[in-house]
Amino acid sequence: MRFAGLVLSMSVTLSALAGCGGGGGGSYNGPWAQVSGVVNLGGKPLAEAATVTFLSPEGYAASGKVDASGSYKLKYNGANNIPVGTYSVGVLPSLPVEPTNQDPASFFNPDGTTKEVEVVISKIPENMRQPGSSGIQITVVEGPQELPIDLD
């Protein structure tokens, strides 16, 4: 059930990004910012694969992958600049990579028992995964800036 919720959350985020990637239906002519930072959970950098999403009321959406050190760097329409403004922020855990071998026999040991599979459960709180439910608001100003995101 947790996986289904994650897929639904991912679907909502991707729909928002796909629908708003062009700058809310028009071109942006204002000042630009370059945003990076560290995502923190429990007072420490987030140590799991995730994607940070910034979504503005105007429909501008920027995102960036969180690396092993908890760091992220936002992109908007493939560029490192994002429109200046106030954004709601969410941090969505990355989906597990599907096995490349889908042969049913690959799921069984030679003795016929089922192979054990490691299940990774995200430590990112459910309410922090979507910009609309996280309660995190960040104002982005012109120029380069380091903006930490605290998930506590």
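**Exercise 1. Find the residue in S4 that is the bridge partner of threonine 53.**

Step 1. The model is predicted: local features need pLDDT of at least 70, side-chain atom pairs count only at pLDDT 80 or more, and totals for chains, interfaces and linings use all residues. Numbering starts from 1 along each chain as its sequence is written, and side-chain values use heavy atoms, without hydrogens or water.

Step 2. Locate the strands, which are DSSP runs (E, at least two residues) numbered from the N terminus. S3 covers residues 50-55 and S4 covers residues 61-66.

Step 3. Check the pairing, which requires at least two DSSP bridges. S3 and S4 run antiparallel, with six bridges.

Step 4. Read off the partner: serine 63.

Step 5. Inspect the hairpin. Five residues lie between S3 and S4, and glycine 59 has a positive phi near 100°.

**Exercise 2. Characterise the lining of the second largest pocket.**

Step 1. On a 1 Å grid over the protein atoms alone, a pocket is an open set of points where a 1.4 Å probe fits, with protein on both sides within 12 Å along at least five of seven lines; lining residues have an atom within 4 Å of a point.

Step 2. List the lining. Leu41, Lys44, Pro45, Leu46, Ala47, Glu48, Val120, Ile121, Ser122 and Lys123 form it.

Step 3. Sort by class. Ala, Val, Leu, Ile, Met, Phe, Trp, Tyr, Cys and Pro are nonpolar; Asp, Glu, Lys and Arg are charged; the others, including Gly, are polar.

Technical notes:
Helix = DSSP H or I, 4+ residues; strand = E, 2+ residues; numbered from the N terminus.
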